[in-house]
Amino acid sequence: MSALVKIADVSKRYAGAQALHPTNLSIERGKTTLLIGPSGCGKSTLLRLIIGLIAPDSGTIAFNNSTITPANIDSLRRRIGYVIQEGGLFPHLTARANVLLMARYLGKSQEEIQSRLVELCELTRFSDTLLSRYPVELSGGQRQRVSLMRALMLSPELLLLDEPLGALDPLVRASLQKDLKEIFARLQQTVLFVTHDLAEAIYFGDEIVLMNEGRIVQKGSIADLREKPAGPFVSEFINAQRGIVLT
Amino acid sequence: MFLTAIASASANPIIIGSKKFTESYVLGEIAERTLNDAGIPAAHRQGMGGTIILWQALRGGQIDVYPEYIGTVTQEILKTNRQLPLNEVGDALAKFGVGITKPLGFNNTYALVMRRSEAKRLGLRTISDLRKHPALKIGLTHEFLDRQDGWRPLRERYGLPQQNVIGIDHALGYAALVNGSIDVKDAYSTDAKIAQNDLITLEDDLGFFPKYEAVFLFRLSMPPDAIAALRRLEATLDEKQMIRLNAEAERTKNYTRAASLYFEDGAGSTNTMGESFPQKLARWTLRHLQLAGFSLLLSVLVGIPLGILASRGGPIGQGILGFASIVQTIPSLALLALLVPLPFFGISLRTAIAALFLYGLLPIVRNTASGLQDIPRSLRESAMALGLSPMTRLWQIYLPMASRSILSGIKTSAVINIGTATLAALIGAGGLGEPILSGLNLNDHVTILEGAIPAALLALLVQWLFDLLDRVLIPKGLRI
């Protein structure tokens with residue numbers, strides 16, 4: 001199986017600081033890849049490079065074998081879903097309007113839009129009676145479900161999640177983790193999931209990519225990381241969260 | 001509606017202008033009446049401003065006729081210190097396409113006036129006598145302060161020592177003179193206020209002031225029958241009669257009626273009273289709303305795109321915000337005066353609207369820019385990450401999210417415009433400033449309030465309407 005995303009020698013500097021050293025990474029189809037590491041390790045930068053919010057200083061990113069350029073970025077973005085920690089819902093639009101924004105923009109038929117919406121409500125366990133509410137009228141968990149629906153609306157080939165559950169309280173978070181895992185499995189979705197929480201990474205991750213200081217330190221299963229650490233940082237990072245890992 | 005207002009104002013009728021003092025108003029009314037009686041449609045725009053504004057308006061064709069004084073023509077318009085014979089003045093004006101009537105019959109020269117009691121106490125009779133009293137406070141109209149035949153050469157000629165000289169509006173100056181805030185002011189020798197306030201005229205013992213015989217200036221392109229009608233006024237109005245007409249005008253505040261005294265055939269009856277107060281109020285208010293409304297519309301149409309550009313920052317954004325801020329710091333009166341000499345503008349509605357438009361710009365530009373800049377980065381990026389085109393992002397996401405800020409900028413502009421539009425009357429554009437200006441000229445508080453109260457109420461009403469509009473235009477999700 002070929003990689004859906006191929007990152008080749010990509011680097012990025014912000015205001016003089018090296019956010020990302022030249023990096024190579026492939027995202028395999030149908031898998032959930034977890035990007036993990038301490039704050040400022042470059043994991044969000046990597047995500048933002050893929051969705052084209054920032055441009056790399058060097059190297060190339062290919063999506064489905066075509067290199068991302070300013071000219072094709074908008075059409076590629078429509079094949080990628082993107083969910084951020086705060087949800088990114090537009091406050092002046094209802095939940096429904098947020099979810100349907102792109103489908104309407106692309107002129108999809110009314111029936112197609114409606115049936116997809118019903119499907120998504122069922123998939124994300126979101127009550128359709130809440131669809132006419134505005135984001136401020138929804139709880140944090142509900143907002144993330146709407147954000148996920150919006151990201152999935154066009155059946156994207158790739159789903160990018162940037163700490164999507166980071167701002168939720170533990171109970172809501174646990175139930176969403178469970179739902180998300182089911183959804184990914186059901187859709188055989190290719191997912192790139194950024195988190196700083198090792199337990200979450202282990203729960204989701206087919207593949208864990210550990211980053212530190214703008215570099216990928218190790219890539220593999222949790223067993224690889226635990227038993228064959230690539231360096232002292234890997235053990236240190238795992239041990240720091242051992243309490244959770246062992247439960 | 002607005003465009004037809006401009007068109008009808010500049011179309012067929014002969015437009016008569018007048019300067020902003022009583023005598024000029026009365027002469028304007030006499031000219032209007034004379035032309036109308038001869039079957040020529042004419043309209044009088046009262047109190048448009050000073051000499052330069054009226055002269056520019058005449059040359060630019062915004063007006064066809066206005067009353068002027070020969071001394072002013074030679075000194076201020078032809079810029080010569082010589083006393084020219086009338087035919088030479090006529091030849092010189094003809095180069096500008098302007099004609100001049102023969103004198104109407106009275107000489108309204110400049111004069112310096114004082115309280116009679118004060119003059120008696122100090123033993124003052126002539127302008128030369130002022131040399132002995134350097135502490136006297138002098139209040140002069142701004143025009144007199146700057147004129148070729150005004151204060152500076154007068155002071156030089158007479159060697160006057162007074163240092164305490166202030167500029168003050170003509171009508172307000174009389175009040176200041178009467179209550180003792182100033183001791184000496186400039187006046188026109190036919191001012192009714194001289195007798196009314198028990199003032200005396202200081203004799204021009206060195207013969208400094210030129211003759212100020214009243215005439216009409218007119219555009220030579222005016223129809224011959226209109227010129228002929230105007231010329232019938234030559235040598236028909238002596239000083240005594242002019243003082244009487246001025247006194248009547250100031251007593252009744254009704255220039256039409258004062259002017260009608262001139263027409264001997266008993267036309268001074270009440271049927272020439274003109275409009276009733278509600279009619280006038282309606283006319284002023286309508287014009288005021290046209291001025292403020294149309295300029296606001298322009299400010300919105302130009303201000304929002306500029307605000308969008310400015311929100312992107314960089315040198316262009318800085319430049320736009322800087323320009324709008326600088327415009328805001330120019331006093332509104334000065335902005336009007338700056339626009340008047342420009343070819344396209346002159347004395348017209350256009351000028352008033354252009355000035356109001358420029359004033360209305362900054363709040364809209366600034367609020368649009370800040371409203372857009374305040375959108376959180378995460379939401380901007382979410383809009384981009386969805387793959388919406390830049391235009392769609394702007395229209396469907398950014399502008400609605402900034403709508404509250406943009407609308408509040410528009411509201412600020414609207415209220416500023418309602419207030420500033422009162423100044424439009426200075427250049428004859430009408431509106432609620434008209435009674436305010438007349439009231440100031442006549443020092444009549446009731447007339448001032450006739451304009452000031454409706455203008456204030458209008459501002460409140462506009463504020464309230466915009467508050468309602470907020471509920472319609474700001475998306476519900478932003479108001480919860």
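In this predicted model, chains A and B touch through 21 residues from chain A and 19 residues from chain B. On the chain B side, the elements that put in two or more residues are H18 and H19. H18(B) gives the largest share, seven residues. Sorted by class, chain B's side of the contact comes out as 11 nonpolar, six polar and two charged residues.

Elsewhere in chain B, helix H14 (residues 277-311) and helix H15 (residues 314-329) have axes that come within 7 Å and cross at roughly 135 degrees. That angle makes H14(B) and H15(B) oblique to each other, and their crossing is left-handed. From H14(B), the residues that meet H15(B) are B:Leu306, B:Leu309, B:Ala310 and B:Ser311; on the H15(B) side they are B:Ile316, B:Gly317, B:Ile320 and B:Leu321. This contact has six nonpolar and two polar residues, with no charged ones.

Then there is B:Gly60, which sits in helix H3 of chain B, residues 51-60. B:Gly60 counts as partly exposed because 17 C-beta neighbours lie inside 10 Å, while a buried residue would need 20 or more. B:Pro341 is 281 residues away from B:Gly60 in sequence, yet their C-alpha atoms are 9.2 Å apart in space.

Note on methods
Residues are numbered from 1 along each chain as its sequence is written. Chains are lettered from A and ligands numbered from 1 in the order in which they are written. This is a predicted model: local features need pLDDT of at least 70, side-chain atom pairs count only at pLDDT 80 or more; totals for chains, interfaces and linings use all residues. Helices (H or I, at least four residues) and strands (E, at least two) are DSSP runs, numbered from the N terminus. A residue is buried if 20 or more other C-beta atoms lie within 10 Å of its own, exposed if 12 or fewer, and partly exposed in between; C-beta atoms are placed from the backbone. Two residues are in contact if their C-beta atoms, placed from the backbone, lie within 7 Å. Ala, Val, Leu, Ile, Met, Phe, Trp, Tyr, Cys and Pro count as nonpolar, Asp, Glu, Lys and Arg as charged, and the others, Gly among them, as polar. Axes are lines fitted to C-alpha atoms, for helices over the stretch in contact, and angles run from 0 to 180 degrees between N-to-C directions. Angles under 35 degrees count as roughly parallel, over 145 as roughly antiparallel, 65 to 115 as roughly perpendicular and the rest as oblique. A crossing is left-handed if the near helix is turned anticlockwise from the far one by less than a right angle, and right-handed if clockwise.
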